[in-house]
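Reader: Please take me through this protein by question and answer. Keep to what can be computed from the atoms.

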Amino acid sequence: MSSFDKNESWIHNHKDNSNISISIKQHIKHGHHRAKYTFSDDPTDIIDLNIQKYNGFDHIQALYDYLEKMNLGKVEFSVFKCKSKSNVPAHYANIKLGNVSVASSFPEKYSLPEVAQQVAARNALYVLKKAHSYNNIPVTQDISIVAERLEKELQKNYAGLFCDKVENIYKEVYSEQLPSNWLDLLSRLTTNIIIEDLPNQNKSILYYDASPADKKKHKEFLDISLTESSENLLVMKLVDKTERTVTVASVDSNYTFWVLFVHDRINDEYDTLFKLMNMPSESKHFIKMFSIEVSDVYAVQIQEEWYRFKVSRIEDDNVIGIFIDLGMEWCVAKNNVMFLPPKFLKVSSQAIKCALTSLFFAPYFQVAQELFHKILFGKEFTLVPDNIECDVPLVTLYDGKCNMNDLIRKAIIEKTSFNKINGKCEKASLAYVGDGYLYLHSPNDTLTILESILDSISASRPLDTLYSKNSISPHKLYLVKCPELNLWSRAIVHDFIFIDQKFKVFFIDYGNYGFIDQDKFIDLKSFDLLLSAIGPQALKVSFHLFPPENLIDQSRSKAVREMLTDKSLDINVISTTSDDIQVVEIFDADDQSANRLSFNTQLYQRLKSCHLKLFSSTVKAIFLRNSKVRLTHNS
């Protein structure tokens with residue numbers, strides 16, 4: 001594996017992928033340059049965010065209230081710090097009641113300890129209510145009565161019921177509880193109840209099946225020959241680095257690609273499953289769910305056909321997820337999400353989740369999104385796996401001999417370039433004033449996207465582990481921590497003269513300088529090829545009427561900063577110097593009056609007025625002095 005692959009692969013861990021995507025989208029939505037604002041968002045995983053969106057519901061307080069109501073005593077919280085697979089700090093929380101552990105957030109890890117405590121409190125509340133709220137309900141001792149009652153209830157729910165739902169329904173309908181080992185006792189009886197274990201979900205499902213014809217049909221389907229690797233695999237993965245022909249299906253809301261194999265044996269197996277799912281005798285058993293769980297797979301109908309649907313998140317009355325055989329993200333009302341019997345999970349999904357090598361962050365740029373829709377979606381390509389060891393494999397797509405990854409990267413570099421102004425530029429902003437020049441920011445969102453990406457990466461893992469062990473080169477672009485902002489930024493080495501063992505660097509996106517310890521540079525190209533290839537976002541220009549040798553004066557530089565800071569600027573190019581630096585005239589973009597004056601003219605007139613006043617005062621002082629001399633002489 002190349003050094004680039006090693007550095008990039010951590011990004012594509014499944015949870016890190018979600019963390020970074022969520023954080024970047026939040027930052028881009030803010031639209032603030034961090035030169036003036038610092039982002040306080042902690043990029044937490046999807047589960048963290050779901051917990052925090054319970055309309056402000058405090059599970060810890062709810063737990064305390066229940067303990068007081070039931071007079072159960074006090075609980076003790078413990079938080080354990082650990083690390084995820086990608087070496088990101090994570091936390092578990094555990095709750096004890098007396099000397100007994102009641103519940104915890106395990107096996108899930110959470111980036112925020114307070115979120116882990118909320119999850120543990122929610123789980124503890126469920127356990128305690130289950131243990132104490134039904135103490136006065138009698139238990140049905142005769143298992144034959146239990147079986148008879150359950151057959152009646154399961155006939156009302158053709159697609160089956162999860163065992164925990166069976167327990168709740170039994171209590172509600174018969175005002176009695178099932179024995180603690182009811183599932184084991186029931187499995188020993190000869191009944192029309194089928195008990196199917198779901199080891200991946202750590203639960204069982206029960207359904208009523210008395211039809212010999214249906215049983216035979218199910219058996220024929222379940223006996224389909226499957227490879228060992230796909231038998232227990234819900235979401236298909238690339239298992240080797242064999243080149244395959246694929247169709248690009250979609251990019252989901254986390255900007256992850258989904259592709260479909262073309263002419264693969266698994267397609268035939270899926271065709272059998274798809275036809276069976278859409279047989280009226282089968283689809284009539286797809287019923288509405290009492291509750292919907294994230295990451296579970298259900299049946300959802302689009303265009304009068306049923307497909308397998310994996311839930312990504314739940315928002316109010318809507319469910320967002322992926323059609324795992326289409327690679328298509330979809331939002332559907334809760335009422336349209338139906339239970340899918342486990343027999344339809346025996347064939348692997350058809351869509352594969354992956355990312356383009358060296359282009360993980362590309363979809364955040366508008367030009368890339370346009371290219372994806374224009375040249376990728378729905379078309380066939382040769383897929384070459386580059387790294388299949390991470391949860392989201394890195395791949396390169398080829399159209400014949402054309403490397404699509406390179407094509408997209410070059411297009412992004414071209415479209416995000418801000419190396420000159422073509423005549424005019426509207427709604428730019430001031431980045432910095434220094435050394436007699438101005439540095440301008442483009443009105444596009446490139447800088448905001450870069451800042452959001454770098455902020456999210458640095459918050460997701462400690463970047464100091466990636467410091468370069470090679471000698472520092474003046475020809476390379478580095479990622480360094482800006483001491484003024486305490487944030488990571490792109491920089492080049494300006495001067496190799498040591499000052500307290502530091503190098504002087506130039507921050508290419510802001511126009512300012514800083515001093516960085518000699519051993520605290522990250523080679524940006526080996527870290528992420530795209531981020532290292534995007535051009536500087538601070539454009540160096542000369543202020544018309546004020547050559548650099550005049551504007552270098554501190555009082556004048558300060559006057560320019562005060563005039564232009566926090567303003568939207570219209571830029572007109574007047575000329576270009578011999579060293580290709582554009583000379584510009586700058587206007588207030590919010591002032592659209594016909595006789596508006598440029599900031600250049602305003603400052604020039606102000607200084608000229610000051611000079612005239614100074615000249616007038618000087619002449620007057622000389623005149624008065626000469627008058628006094630004449631009077632003295634005459635006397």
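Reader: How much accessible surface does the protein have, and what share of it belongs to carbon and sulfur atoms?

Author: This is a predicted model, in which local features need pLDDT of at least 70 and side-chain atom pairs count only at pLDDT 80 or more, while totals for chains, interfaces and linings use all residues. Residues are numbered from 1 along each chain as its sequence is written, and side-chain values use heavy atoms, with hydrogens and water left out. Accessible areas come from the Shrake-Rupley method with a 1.4 Å probe; for residues, only the protein chains shown count as cover. The accessible surface comes to about 33100 Å², and the share of carbon and sulfur atoms is 50%.

Reader: What percentage of the residues is buried?

Author: Buried means under 20% relative accessible area, exposed means over 50%, and partly exposed is in between (1.4 Å probe, protein chains only). Of the 635 residues in the protein, the buried ones make up 47%.

Reader: How many helices and strands are there?

Author: Both are DSSP runs numbered from the N terminus: helices are H or I with at least four residues, strands are E with at least two. The protein has 20 helices and 26 strands.

Reader: Which residues touch the most other members of the largest nonpolar core?

Author: A nonpolar core is a set of buried Ala, Val, Leu, Ile, Met, Phe, Trp, Tyr and Cys residues joined through side-chain atoms within 4.5 Å. In soluble globular proteins, nonpolar side chains tend to be buried together. The largest core here has 56 residues, and those touching the most other members are Leu-356, Phe-365, Phe-372, Leu-376, Leu-397, Ile-408 and Ile-412.

Reader: Which helix gives this core its largest share, and which domains supply at least three residues each?

Author: Six residues, the largest share, come from helix H13 (residues 366-376). Domain bounds come from an automatic or database domain assignment. At least three residues of this core come from each of domain 3 (234-276 + 348-416) and domain 5 (424-588).

Reader: Which residues does Leu-376 touch?

Author: Contact means heavy atoms within 4.5 Å. Leaving out residues up to four places away in sequence, Leu-376 touches Val-248, Phe-257, Leu-356, Leu-371, Phe-381, Leu-397, Met-404 and Ile-408.

Reader: How many residues are in the second, separate core?

Author: Its members include Phe-274, Ile-292, Val-332 and Phe-344. The number of residues in this second core is 25.

Reader: How many disulfides does the structure hold?

Author: A disulfide is a pair of cysteine sulfur atoms within 2.5 Å. Cys-390 is buried at 12% relative accessible area, and Cys-402 is partly exposed at 30%. The number of disulfides in the structure is zero.

Reader: How many salt bridges are counted?

Author: Side chains of opposite charge can pair when their charged atoms come close. The rule used is a side-chain nitrogen of Lys or Arg within 4 Å of a carboxyl oxygen of Asp or Glu. By that rule the salt bridges number ten.

Reader: How many residues apart in sequence are the parts that Arg-490 and Asp-509 tie together?

Author: Arg-490 and Asp-509 form a salt bridge, with the closest N and O atoms 2.8 Å apart. Arg-490 lies in strand S20 (residues 487-495) and Asp-509 in the loop between strand S21 (502-507) and strand S22 (513-517), so the pair ties together parts separated in sequence by 19 residues.

Reader: Are Arg-490 and Asp-509 buried or exposed?

Author: The cut-off for a buried residue has been given above. Both Arg-490 and Asp-509 are buried.

Reader: What is the closest N to O distance between Asp-184 and Arg-188?

Author: Asp-184 is partly exposed at 37% relative accessibility, and Arg-188 is exposed at 61%. The two form a salt bridge, with their closest N and O atoms apart by 2.5 Å.

Reader: Which residues are joined into one network with Asp-517?

Author: Asp-517 and Lys-520 meet in a salt bridge at 3.5 Å, N to O. Asp-517 is partly exposed at 22% relative accessible area, as is Lys-520 at 37%. Through salt bridges that share partners, Asp-517 is in one network with Lys-502 and Lys-520.

Reader: What is the phi of Asp-316?

Author: Asp-316 lies in the loop between strand S10 (305-315) and strand S11 (318-323), and is exposed at 67% relative accessibility. Although Asp-316 is not a glycine, its phi is positive, at about 55°.
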